[in-house]
Amino acid sequence: LTAIHNAGFNVLVTANNHSLDRGKPGLERTIRLIDSLSIPHAGTYINPEEREKKYPLILEKNGFRIALLNYTYGTNGIYVTPPNIINYIDTAIIAKDIETSKVMKPDVIIACMHWGIEYQSLDWLIRKGVNHVIGSHPHVVQPIEVREDSVTNDKNLVVYSLGNYISNMSARHTDGGLMVKMELVKDSITRLNKCEYSLVWTARPTQSGKKNHQLLPVNLPTDSIPVNARNSLKIFVNDTRSLFSKYNRGIKEYTFYEKKVVESFGD
């Protein structure tokens, strides 16, 4: 968690199928540690009072006010122990949370959904007032689309699955993921101005020869990693770009550029 914080992550969502892998102590310890670093978070709560106070999560930055929601399809068959709360995908609860969000007058509502392979709830979320949906759980990337309302011209970003950001999985398609960025602009209304994605790939120690897993933007030079790792990265990139060229709508890939800092010293 400290490494995540130091890397620059400043908001976390915690409702996913692994939230209860370590039971009640694990859920509560995770929340306490996140709170100790003063990182805003949504999805799991020690008790109803905490959820009432902190959810929906409101983020304010540069004049924008964003309501962030988070739900999971389940917790691997482990049941939550009261008074702990996990935000499960329940349309009655989600509908109430969306209405609570609207009362807080956010510029946009973003729902982070940890869902399975069926997405019937997607259109329902948008009809209820969610502006953008970011999905996770499938361990592979899935298409991204920007939906445009024919009447209002509103644009809704839908990311079906971010894939694996960093993991130890080695099967084809599972060794990489997405970073997605969205640009909002606000005048008389708030609208989605631009959104882009970038691909990242994880080099496992058995491939790279390094002590730790390495997260690599796919467009940076790969000369420093062994040939077998380089080949796996290329397979992931080719598979993903082929998928996205067929199914993505309204979004383009952006690339990272390596910055080299040169210092000069006077006499």
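Mentor: Let us start with a backbone detail: just after α5, G129 takes a positive phi of about 125°. Please keep in mind that this is a predicted model.

Trainee: Which residues of helix α5 are called buried, and what covers them?

Mentor: Buried means under 20% relative accessible area. In α5, residues 121-128, the residues that count as buried are S121, L122, W124, L125 and I126. Their cover includes α4 (91-103), β7 (108-114), β8 (132-136), β9 and β10.

Trainee: Why is S150 called exposed?

Mentor: The cut-off for exposed is over 50% relative accessible area. S150 has 72% relative accessibility and therefore counts as exposed. Its place is in the loop between β9 and β10 (155-162). The C-alpha atoms of S150 and N231 are separated by 43 Å, and these residues lie 81 apart along the chain.

Trainee: What share of the contacts between residues at least 6 apart in sequence joins residues at least 24 apart?

Mentor: The share is 59%.

Trainee: How do you know that the length of helix α7 agrees with its number of residues?

Mentor: Helix α7 covers residues 227-247, which is 21 residues; at 1.5 Å a residue it should span 30 Å. The end C-alpha atoms of α7 are 30 Å apart, so the model agrees with the expectation.

Trainee: Which residues of α7 are buried, and why are they said to line one face?

Mentor: The buried residues of α7 are A229, L233, F236, V237, D239, T240 and F244. Seen down the axis of α7, they fall within an arc of 165°, so they line one face of the helix. The general principle is that an α-helix has 3.6 residues a turn, so residues three or four places apart point the same way.

Trainee: What do the buried residues of α7 pack against, and which residues are exposed on the other side?

Mentor: The buried residues of α7 pack against β9 (141-148), β11 (176-186), β12 (190-203), α6 (205-208) and β13 (214-217). On the other side of α7, V227, N238, S245 and K246 are exposed.

Trainee: Why is β12 described as largely enclosed?

Mentor: Of the 14 residues of β12, 11 are buried, so the strand is largely enclosed by the rest of the structure.

Trainee: How do you know that β12 pairs with other strands, and in which sense?

Mentor: Pairing requires at least two bridges between two strands. β11 and β12 have 11 bridges and pair in the antiparallel sense; a hairpin of three residues joins them, and M182 stands opposite C195 in β12. Four bridges link β12 and β13, again in the antiparallel sense, with W201 partnered by L216 in β13. β12 and β14 (residues 252-253) run parallel and are joined by two bridges, where Y197 has E253 as its bridge partner in β14.

How values were computed
Residues numbered from 1 in each chain as written. Predicted model: local features only at pLDDT ≥ 70, side-chain atom pairs only at ≥ 80, totals over all residues. Heavy atoms only, no water. Expected span 1.5 Å × (residues − 1). Buried < 20%, exposed > 50% of the residue type's maximum accessible area, 1.4 Å probe, protein only. Arc of directions from axis to C-beta. Contact = heavy atoms within 4.5 Å.
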